[in-house]
Amino acid sequence: MAAIDFRTATIKNGFSIVSMIASVVSWNDARMTRNSLSKLTTRELDDIGLVRGDIEAIATGALIR
């Protein structure tokens, strides 16, 4: 029985299935992070050294401290 290597399975335009799945996983991780941080109060955000304006940058991975 042969194993299927998904890393080499590409659609005709060169967009791989793995990169498509990775994009969905990345989007979902950012969504979950954004939702979790948005539920925190301003005081709780302050306790962890954040302000409400930092949430989007953290969710997308653009903010590094």
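Residues are numbered from 1 along each chain as its sequence is written, and side-chain values use heavy atoms, leaving out hydrogens and water. In this predicted model, local features need pLDDT of at least 70 and side-chain atom pairs count only at pLDDT 80 or more, while totals for chains, interfaces and linings use all residues.

**Exercise 1. Describe the chain as a whole.**

Step 1: Count the elements. The chain has three helices and zero strands. These are DSSP runs, numbered from the N terminus: H or I with at least four residues for helices, E with at least two for strands.

Step 2: Read along the sequence. The pattern is α-α-α.

Step 3: Check burial. Of the 65 residues, 12% are buried. Buried means under 20% relative accessible area, exposed over 50%, and partly exposed in between (1.4 Å probe, protein chains only).

Step 4: Check the surface. The chain exposes about 5400 Å², with 61% supplied by carbon and sulfur atoms. Areas come from the Shrake-Rupley method with a 1.4 Å probe; for residues, only the protein chains shown count as cover.

**Exercise 2. Find the salt bridge and say what it links.**

Step 1: A side-chain nitrogen of Lys or Arg must lie within 4 Å of a carboxyl oxygen of Asp or Glu.

Step 2: Search the whole structure. One salt bridge turns up. Its side chains are Arg34 and Glu56, at 2.8 Å, N to O.

Step 3: Arg34 lies in helix 1 and Glu56 in helix 3 (residues 55-60), so the pair ties together parts 22 residues apart in sequence.

Step 4: Arg34 is partly exposed at 26% relative accessibility. Glu56 is partly exposed at 42%.

**Exercise 3. Which residues form the nonpolar surface patch?**

Step 1: Name them. They are Phe15, Ile17, Met20, Ile21 and Val25, with about 420 Å² of accessible area together.

Step 2: Take one member. Met20 sits in helix 1 (residues 17-38). At 40% relative accessibility, Met20 counts as partly exposed.

Step 3: Recall the patch rule. Members have over 30% relative accessible area and no salt bridge; like charges are joined within 9 Å, nonpolar side chains (Val, Leu, Ile, Met, Phe, Trp, Tyr) within 5 Å.
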